[in-house]
Amino acid sequence: MAKYDYDFKKLVVEAYQQGKGGYGTLARHYGIPADSTVHKWVKIVEKLGFDALHRRKNNQIYSFQFKQDVIHYYLTSGDSYLDAALRYGLSSGALLQRWHQLFLREGMEGLLPKRKGRPSMTKKKQTPKKKRATREQELERENELLRAELAFIKKLRALGMTIPDRLKSETHESSTNSEKSSD
């Protein structure tokens, strides 16, 4: 992706404002691959002025609440990424797009500031390990599940509902297996 300096961007936007051509014409004339780039520069200047065309040297950190407000506006307004970003003083729709993708993947937690660096060397709490259930406890648990399943099927029959084939075959196998294990 090409990086353009402030003077070049200003020249292109001024040419547009003077009526020397549309987005596509100016893009071709100045060797810019996409006319959407010219369109974006013009919108930025219209909303924020020529100073917004300067490249920022440092990454600005935005608060969680600010990100939340911008995302909320974007989702409810129907505006494009660029229009919503410009409304909140962001000079790029790409930043809002990145926030939106994070929001879709991780929810609002994705917009929280990320901690950089290594995690601290705190002592981890030792969680007590669960005791392995004995064979008798496992059988009791299985027996409870089978009873619940049988009660469910009886309830379906009482209500006059048809029992899915899937449950019929499982019930038959389960009852056959439980009879064998009780022998």
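This is a predicted model: local features need pLDDT of at least 70, side-chain atom pairs count only at pLDDT 80 or more; totals for chains, interfaces and linings use all residues.
**Helix 1 against helix 2**

Helix 1 spans residues 6–17, and helix 2 spans residues 23–30. The two pack at an angle of about 140°. Their axes are 10 Å apart. Angles over 145 degrees would count as roughly antiparallel, so helix 1 and helix 2 are classed as oblique to each other. Their crossing is right-handed.

Which residues of helix 1 and helix 2 meet? Helix 1 brings Phe8, Leu11, Val12, Ala15 and Tyr16. Helix 2 answers with Tyr23, Leu26 and Tyr30. By class, this contact has eight nonpolar residues, with no polar and no charged ones.

**The cores**

In soluble globular proteins, nonpolar side chains tend to be buried together. The largest nonpolar core here has 14 residues. Val12, Val13, Ile32, Val38, Trp41 and Leu53 touch the most other members. Helix 1, helix 3 (35–48) and helix 5 (81–87) each give two or more residues to this core. Helix 3 supplies the largest share, five residues.

Ile32 shows how such contacts run. Leaving aside neighbours within four places in sequence, Ile32 is in contact with Tyr4, Phe8, Val12, Ala27, Thr37, Val38 and Trp41. Among them, Val12, Val38 and Trp41 are also on the list of core residues that touch the most other members. Phe8 and Val12 also take part in the meeting of helix 1 with helix 2.

A second, separate core has 13 residues. Val70, Ala84, Leu96 and Leu111 are included in it.

Leu75 lies in helix 4, residues 64–77. Leu82 is found in helix 5. Is each one buried or partly exposed? Leu82 has a relative accessible area of 16%, under the 20% cut-off, and is therefore buried. Leu75, at 45%, falls between 20% and 50%, so Leu75 is partly exposed.

What does each leucine touch, not counting residues up to four places away in sequence? Leu75 touches His100 and Phe103. Leu82 touches Lys40, Lys43 and Gly93.

Technical notes
Residues are numbered from 1 along each chain as its sequence is written. Side-chain values use heavy atoms; hydrogens and water are left out. Helices (H or I, at least four residues) and strands (E, at least two) are DSSP runs, numbered from the N terminus. Buried means under 20% relative accessible area, exposed over 50%, partly exposed in between (1.4 Å probe, protein chains only). Contact means heavy atoms within 4.5 Å. Axes are lines fitted to C-alpha atoms, for helices over the stretch in contact, and angles run from 0 to 180 degrees between N-to-C directions. Angles under 35 degrees count as roughly parallel, over 145 as roughly antiparallel, 65 to 115 as roughly perpendicular and the rest as oblique. A crossing is left-handed if the near helix is turned anticlockwise from the far one by less than a right angle, and right-handed if clockwise. Ala, Val, Leu, Ile, Met, Phe, Trp, Tyr, Cys and Pro count as nonpolar, Asp, Glu, Lys and Arg as charged, and the others, Gly among them, as polar. A nonpolar core is a set of buried Ala, Val, Leu, Ile, Met, Phe, Trp, Tyr and Cys residues joined through side-chain atoms within 4.5 Å.
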